[in-house]
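I opened this structure to see how its parts are arranged. My notes go from the whole chain down to single contacts.

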Amino acid sequence: MKIYLNNSLTKKKEEFKPIKKGKLGLYTCGPTVYGYPHIGNLRAYLVWDILKRFLVSQGLKVTHIMNATDVGHLSSDADSGEDKLEKAAKKEGKNAWEIAKFFIEVFKGNLKDLNILEPSKFVRATDTIKEQIKFVQILEEKGFLYKTSDGLYFDTSKLANYGQLANIQNIDLQEGARVEKNPEKKNITDFAVWKFSPKDSKRDMEWDSPWGMGFPGWHLECSVMSRMYLGDTFDIHTGGIDHLPIHHPNEMAQSEAVTGKLQANYWLHNEFIRFKDAKMSKSAGTFITLDDLKEKSFSPLALRYFVLQTHYRKGMNFSWEAMKSTKAGLENIVREIAFYDKPKKISIELVEKFNQAMADDLNTAQGLAILQETLDLDLPTATKLATIYKMDEVLGLDLANLRKRALQMPISAKKLLEQRSEARNNKDWTKADDLRDQLQEMGVEVLDTVDGQKAVKIEL
Ligand code: AMP
Ligand code: ZN
């Protein structure tokens, strides 16, 4: 099946052709681990998980690399301000290493809760410092760098096609419009590849280098890691839309300067989740985390379902109301499939239709519509179940597990169900109704069918 992806590089939806037949390299810009990821950040990892699952379902072997930024991401994109980790450490009375360790675990836990497949490798920036220093040396030897009072900067005017990805020419480059002023920079678009440690204080994270004590610029790690694990040019590079004007052009520039080649062939960007009419943002403090959702009794999979409803290139608004109806929608699916016969023999036609939707630049909304159509069709339930399980290999809603859990009754409920069955046999309808109410309070829904009494407990 031909797969079409919307490539930010060519600004076109185009057929995806891997460099090597049957396999591909995928790089996802990972989290900056100084705080709890918010559901906007998690949207980024969810949509790229669906991309990966779909590519795998099409028989492609995917090597997926993700980084954890645990050093060098400064509070301003102008390469000034405090390091986000060092700042968080000071605030918490810890050191940056402890902050990184803690939030990497939080992040991994969130991925697991959301049923996101682990990357082939999840690499910390601080684990590749030696390689990053070597990379900067090459840039220096090739004459791409200049020194300022606070670090080594990449001279973007030395690269003919700098900004090709983001169409930089069309972005307002007035000083101060895109990034803050830095009078020592030769060009507004120049960026730090290596920063010097401050002279008057000691950082938690700093390394000796040919240029003295310091730490890598934020963009460096992705160029270095992607090259280490995926080669000079790899297939797909993903990230949030905020990476399009700065982080990704800078990654690309460094890589091209070193290898003379294009870093990646396809660049994909997801749009934001907005909350109360503003971008959900860690630094602005306006965000919802997975724990906030859990506290309000929303399962992480309900968030997954929420994200799937909108195409990744469209912005989406979060509201508790929307979350409530999303959760009800997923519950309806589980309720519907709970009593289906054991899965047997997929409908090739429906799976094909689903794959066509996904191959059209990951049209997950359409994919969900086809899943619903499958549920509504007049087909044997064994076929319907097998078919939606097949689709769920890509959607990742973990429907088989949700169904299994819905049918598992706690012992207390089992007892009440036995009593109710007995009451019904004795035609004691009042008692049966009373027991139904008791079960309802425990979250157990009872259905009286021609095959007798059936029960589900749906918790999402
Ligand atoms: P960070 O941890 O801030 O480096 O961001 C991790 C990922 O989340 C990046 O790919 C960002 O582009 C993405 N991101 C940040 N904010 C949002 C948002 N509100 N909605 C969707 N993606 C976001
Ligand atoms: Zn990156």
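**Entry 1: domains.** I note at the outset that this is a predicted model. I looked up how the protein chain is divided, and found domain 1 at 4-270, domain 2 at 275-406 and domain 3 at 411-457. I then took the centres of domain 1 and domain 2 over C-alpha atoms, and they lie 30 Å apart. To their contact, domain 1 gives 34 residues and domain 2 gives 39 residues.

**Entry 2: a sheet.** I traced an open sheet of 4 strands, which run in the order E6-E7-E8-E9 with antiparallel pairing. Which strands stand at the edges? I find strand E6 (145-147) and strand E9 (214-216) there; each has a single partner strand, so one side of each has no neighbour in the sheet.

I went on to the pairing of E6 with strand E7 (residues 151-154), which is antiparallel and has 3 bridges. As a reminder to myself, strands of a sheet pair through backbone hydrogen bonds. Looking for the residue opposite Tyr 146, I found Tyr 153 in E7.

**Entry 3: H4 and H6.** I looked at how helix H4 (residues 129-141) packs with helix H6 (residues 247-259): the angle is about 70 degrees and the axes are 9 Å apart. Angles of 65 to 115 degrees count as roughly perpendicular, so I put H4 and H6 down as roughly perpendicular to each other. Their crossing is left-handed. From H4, I list Phe 135, Ile 138 and Leu 139 as making the contact, and from H6, Gln 254, Ser 255, Ala 257 and Val 258. Sorted by class, the contact of H4 with H6 comes to 5 nonpolar and 2 polar residues, with no charged ones.

**Entry 4: H10 and H11.** I turned to helix H10 (residues 348-359) and helix H11 (residues 364-376), which pack at about 165 degrees with axes 8 Å apart. An angle over 145 degrees counts as roughly antiparallel, and I therefore record H10 and H11 as roughly antiparallel to each other. The crossing of H10 and H11 is right-handed. On the H10 side I wrote down Leu 350, Lys 353, Phe 354, Ala 357 and Met 358; on the H11 side, Thr 364, Gln 366, Gly 367, Ile 370, Glu 373 and Thr 374. By class, I have 5 nonpolar, 4 polar and 2 charged residues in the contact of H10 with H11.

Key: Residues numbered from 1 in each chain as written. Chains lettered and ligands numbered in written order. Predicted model: local features only at pLDDT ≥ 70, side-chain atom pairs only at ≥ 80, totals over all residues. Heavy atoms only, no water. Axes fitted to C-alpha atoms, helices over the stretch in contact; angles between N-to-C directions. Helix = DSSP H or I, 4+ residues; strand = E, 2+ residues; numbered from the N terminus. Parallel < 35°, antiparallel > 145°, perpendicular 65-115°, else oblique. Left-handed = near helix turned anticlockwise from the far one by under 90°. Contact = heavy atoms within 4.5 Å. Nonpolar A, V, L, I, M, F, W, Y, C, P; charged D, E, K, R; others polar. Pairing = 2+ DSSP bridges. Domains from an automatic or database assignment.
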